[in-house]
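This report looks at one strand and its partners, and then at the pockets of the model. The sequence and structure come first.

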Amino acid sequence: MNKKAKRRLIVVGGIVVIAMLVIVAIAGSGGAASSLGIADVLGGGYEGKKVQVSGSVVADSLEAKGSTAVFSISPEGGNGAEQLTVSYKGALPATFGTGVVAICTGTVADGVLEATEMVTKCPSKYESAEGSLTVKGLLDQASTLTGKDTKVCGYVRGEINPAGSEHRFTIESQGAQIDVVYDGGMDENVADGTALVIEGKLGEDGMFHAIVQPSIDANVKA
């Protein structure tokens with residue numbers, strides 16, 4: 001091998017080494033998020049570090065601050081007294097709501113998890129519409145059914161609103177419609193036209209207040 005060829009080989013080798021170092025540096029700067037429990041974060045020592053924490057969304061903790069959603073999570077089936085505040089700037093998924101498990105990834109700052117990523121997991125529930133009323137049937141008996149446990153069936157009409165909205169969605173059956181109030185998690189497959197069975201109570205405000213996650217039923221006859 002002549003000197004020119006050796007010099008070329010050294011230069012190429014040097015470029016490869018530098019490229020590898022750059023790739024490692026970039027990967028290292030992003031930093032993989034450490035998977036932690038809520039108690040770990042509350043215990044301190046993770047300020048400025050990228051972490052991933054999961055927990056159940058605490059009831060009535062959701063607040064909107066501009067385009068930022070602030071809420072609390074607590075350990076799944078654990079100590080409800082341990083609560084971590086999460087700040088998330090982004091659109092909340094339809095499945096977000098009270099009791100839903102939120103998996104949040106971000107940086108800890110002043111004891112708050114400033115999440116840049118969030119996914120939720122909420123099991124789907126399917127059941128029969130047997131024994132349920134249509135919306136028209138419910139409204140026709142409003143004077144006697146207001147405030148009582150009831151099951152109603154119908155089709156979603158329009159969009160699914162975020163948790164914390166005045167009403168979550170509207171359902172229709174037999175030509176009548178009613179707004180449904182529900183702050184819990186929603187099956188991600190629920191959309192305009194989906195057939196649902198909903199358990200809850202007709203409120204004095206004229207809206208139906210669901211008490212459990214609305215369930216999909218392909219056999220609903222509206």
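Two strands are taken to pair if DSSP finds at least two bridges between them, and strands (E, at least two residues) are, like helices (H or I, at least four residues), DSSP runs numbered from the N terminus. The model is predicted, so that local features need pLDDT of at least 70 and side-chain atom pairs count only at pLDDT 80 or more, while totals for chains, interfaces and linings use all residues. Residues are numbered from 1 along each chain as its sequence is written, and side-chain values use heavy atoms, with hydrogens and water left out.

The protein chain holds 4 helices and 14 strands. Of its 222 residues, 36% are buried, where buried means under 20% relative accessible area with a 1.4 Å probe and protein chains only. Among contacts (heavy atoms within 4.5 Å) between residues at least 6 apart in sequence, 55% join residues at least 24 apart.

Strand E4 (68-74) is mostly covered, with 7 of its 7 residues buried. Thr68, Val70, Ser72 and Ser74 point one way from E4, whereas Ala69, Phe71 and Ile73 point the other way.

| Partner of E4 | Sense | Bridges |
|---|---|---|
| E2 (residues 50-57) | antiparallel | 2 bridges |
| E3 | antiparallel | 3 bridges |
| E5 (residues 84-89) | antiparallel | 6 bridges |

Pockets are open sets of points on a 1 Å grid over the protein atoms alone, where a 1.4 Å probe fits and protein lies on both sides within 12 Å along at least five of seven lines; lining residues have an atom within 4 Å of a point. The largest pocket has a volume of about 210 Å³, and its lining includes Val57, Phe96 and Asp183. The second largest pocket has a volume of about 160 Å³ and is lined by 14 residues, of which Ala64, Gly66, Thr68, Ala69 and Leu92 lie nearest its centre. Strands E3 (63-65) and E4 are the elements that give two or more residues to this lining.

Notes. Buried means under 20% relative accessible area, exposed over 50%, partly exposed in between (1.4 Å probe, protein chains only). Grid points are joined across faces, edges and corners, and a volume is the space filled by probe spheres set on the points.
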